[in-house]
Number of protein chains: 2
Amino acid sequence: MRRKITLKQIARELDVSISTVSKALSNSIEISDDTKQKIQAFAKLYNYRPNNIALSLKNRKTNTIGILIPEIVHHFFSKVIRGVELVANRRGYNVIIGLSNESFAKEVINMEMLANGSIDGFILSISKETQQLQDYHHFNETMSQGIPIVMFDRVVSEINCDKVIVDDFKGAKTAVEKLIENNCKHIALITTKDYVSVGKLRTQGYLQALEEHKMTPMADLILKVDDTVDYEVHLDALEAEIERLFKSNKSIDGVFAVNELYALSAMKVARKLGLEIPNDVQVIGFTDGVLSKHATPSLSTVSQHAQQMGEAAADLLIDKIESDYNDEEEQFKTVVIATDLIERDSTK
Amino acid sequence: MRRKITLKQIARELDVSISTVSKALSNSIEISDDTKQKIQAFAKLYNYRPNNIALSLKNRKTNTIGILIPEIVHHFFSKVIRGVELVANRRGYNVIIGLSNESFAKEVINMEMLANGSIDGFILSISKETQQLQDYHHFNETMSQGIPIVMFDRVVSEINCDKVIVDDFKGAKTAVEKLIENNCKHIALITTKDYVSVGKLRTQGYLQALEEHKMTPMADLILKVDDTVDYEVHLDALEAEIERLFKSNKSIDGVFAVNELYALSAMKVARKLGLEIPNDVQVIGFTDGVLSKHATPSLSTVSQHAQQMGEAAADLLIDKIESDYNDEEEQFKTVVIATDLIERDSTK
DNA sequence: AGAAGTCACGAAAACGTTTTCGTGTTAAAA
DNA sequence: TTTTAACACGAAAACGTTTTCGTGACTTCT
């Protein structure tokens with residue numbers, strides 16, 4: 001087991017100085033052609049590669065970006081990662097992941113671990129718990145140390161940094177308008193509690209669409225699910241809630257749900273109650289998930305273009321990292337990724 | 001924007017040497033209590049944290065493990081990552097990801113990038129292209145440099161390293177036996193070409209089950225799909241192939257598919273042809289996917305316990321990293337994770 | 001009081017790079 | 001022939017740590 005070869009070893013073997021080897025390998029004109037050839041040949045033979053860690057230390061730059069998300073087993077987030085990885089790699093960066101598992105404490109810990117030299121910048125989506133606690137000190141601390149942050153999807157307006165979001169409001173509004181256009185008269189909303197930023201925005205889009213079409217929002221058409229429960233496990237609890245919604249208002253002929261799982265559950269419950277989709281009730285979800293496409297009937301949905309979000313976030317971050325951030329005062333951007341309404345078989 | 005504080009700065013401020021600061025912070029008995037208190041207080045005030053990169057260089061150990069997978073937008077792989085991250089974090093390691101996107105070249109590039117000091121070891125599942133080319137030089141090179149590797153799921157017997165696999169053969173056999181037990185007489189197999197190691201093993205399990213129950217395998221019951229095509233995009237092509245299978249053999253009353261998508265497509269085609277599930281035809285898939293659970297009817301499937309695989313792989317790797325690997329000759333383990341047959345509504 | 005020992009701290013090396021500056025040798029110019 | 005310039009290379013510092021070894025100033029023992 002031969003360890004990786006270093007400049008020092010090459011220097012010793014060839015009886016030159018370390019500096020000479022370094023210069024020869026970077027093709028410096030300081031070194032004679034003879035010596036360069038000799039050194040380069042030797043280096044190639046032994047498959048020399050500079051040690052990344054040493055370079056990082058010297059340059060105070062790791063060429064690594066950290067991505068901090070609440071959960072990885074989630075189609076949306078993994079697509080974002082793919083986008084990040086794509087442009088990061090193209091621009092010469094590695095990606096290191098941290099999972100908060102929706103926990104504030106883990107988010108902070110992870111952040112501190114990576115901020116101690118391991119990465120040049122963060123791309124992150126904040127955990128639900130952080131959203132609830134509204135404690136953002138770790139973001140401010142990290143940024144004050146000169147480590148840039150890009151937030152995506154779940155962002156917080158109190159923090160000044162680059163952001164990548166989808167137009168949740170408009171996406172929701174468009175979806176609901178589609179239902180209205182399709183002649184739905186009693187459109188239910190299945191959403192989250194308001195502290196979830198995106199849930200809140202989508203709720204507002206729903207309300208706005210109704211208002212603009214002179215339909216009065218009715219409280220008993222709106223179901224705010226407590227999403228601290230993991231419904232991947234307790235699916236039946238979710239379905240029970242939705243069933244109550246349907247039963248308390250028999251006239252429901254349209255459903256807008258703020259995520260895929262809620263939408264699918266709505267379809268399931270509706271079918272169970274003898275309602276046909278899309279004839280009796282039409283359903284639209286919100287997300288990029290894989291379930292929508294393969295559901296029966298396939299689910300119409302507001303697509304978020306997760307991968308594109310990841311790409312945008314990575315570009316934003318790397319731009320910031322590589323900019324001479326003292327040339328002007330900080331200027332933060334917010335990139336809005338347009339949503340698309342994908343019509344499938346759950347709408348007419 | 002104050003940069004992170006270093007030992008040197010603390011030393012200068014407090015008018016002591018760097019060594020003294022370092023020792024004081026590690027609570028060395030060499031340093032007087034007075035000095036220790038002073039230094040520790042100062043360090044806490046300025047929130048001193050040792051620079052990871054400097055530590056990595058000094059210790060020649062990064063406390064980071066690399067995970068190299070073909071694709072991240074895939075329920076199975078993201079669950080594995082979650083498992084890896086879980087134990088890695090618990091044991092004080094970070095996780096850095098590389099995506100090969102099923103390409104040999106990207107796999108090699110990624111590996112070389114990370115192997116130059118960035119990580120202490122690899123957890124990986126090889127790309128389809130690598131499986132086809134059977135070119136494994138990069139694995140051998142990496143290991144010969146003293147960087148341990150743990151392979152999972154898609155492994156290759158030619159390489160001597162730790163491995164984590166599921167018992168594909170047995171899992172498949174059990175599934176097919178379930179179909180037989182449920183009175184299926186003509187069980188179709190939808191699988192991949194043979195170069196995909198897991199596909200091959202699952203095919204063998206299918207054959208074995210038939211044989212043991214005195215059923216003769218029939219060529220026209222077996223569909224070997226060319227999976228170089230991305231069927232997430234060209235779903236119709238896949239469905240057309242499966243439709244041909246059904247039409248060429250009308251007596252099919254059971255289907256075993258080696259992955260989730262094939263199984264779902266089979267259900268879709270069957271329904272389209274007027275067959276009822278599970279009455280006319282029963283279907284079992286293979287995977288941990290999210291689709292199975294939410295499909296209608298929900299799909300019976302062989303569960304791989306992806307997260308558990310990730311956890312096992314991480315433990316294996318870290319054990320190897322932290323072992324004095326010169327105390328004995330190399331001893332490689334292969335951990336087999338048991339599969340479970342999850343019965344849902346696509347079987348009787 | 002001299003020897004021996006303890007205490008508290010600093011100097012320096014090492015990890016693997018890159019880069020600035022200095023220097024000895026040779027060739028060209030005066 | 002002497003001065004100057006070009007050439008080819010080496011020494012050393014720096015990035016931020018940890019750790020080994022040395023050393024001066026006191027204590028303590030005899």
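## The nonpolar cores

Let's start with A:Ala313, which touches A:Val84, A:Ile123, A:Val150, A:Phe152 and A:Val164, leaving aside residues up to four places away in sequence. Touching, or being in contact, means that C-beta atoms placed from the backbone lie within 7 Å. This is a predicted model, where local features need pLDDT of at least 70, side-chain atom pairs count only at pLDDT 80 or more, and totals for chains, interfaces and linings use all residues. Residues are numbered from 1 along each chain as its sequence is written, while chains are lettered from A and ligands numbered from 1 in the order in which they are written.

A:Ala313 also turns up in the largest nonpolar core, which has 91 residues; there A:Ile123, A:Ala313, B:Ile123 and B:Ala313 touch the most other members. Such a core is a set of buried Ala, Val, Leu, Ile, Met, Phe, Trp, Tyr and Cys residues joined through C-beta atoms within 7 Å, and buried means 20 or more other C-beta atoms within 10 Å of a residue's own.

## Where the chains meet

Now for the two chains: 39 residues of chain B are in contact with 39 residues of chain A. On the chain B side, α5(B) gives the largest share, six residues. Helices here are DSSP runs of H or I with at least four residues, and strands are runs of E with at least two, numbered from the N terminus.

Strand β2 (residues 94–99) of chain A is joined to β2(B) by three bridges, and the two run antiparallel. Strands pair if DSSP finds at least two bridges between them. A:Ile96 has B:Ile96 as its bridge partner in β2(B).

Technical notes: A residue is buried if 20 or more other C-beta atoms lie within 10 Å of its own, exposed if 12 or fewer, and partly exposed in between; C-beta atoms are placed from the backbone.
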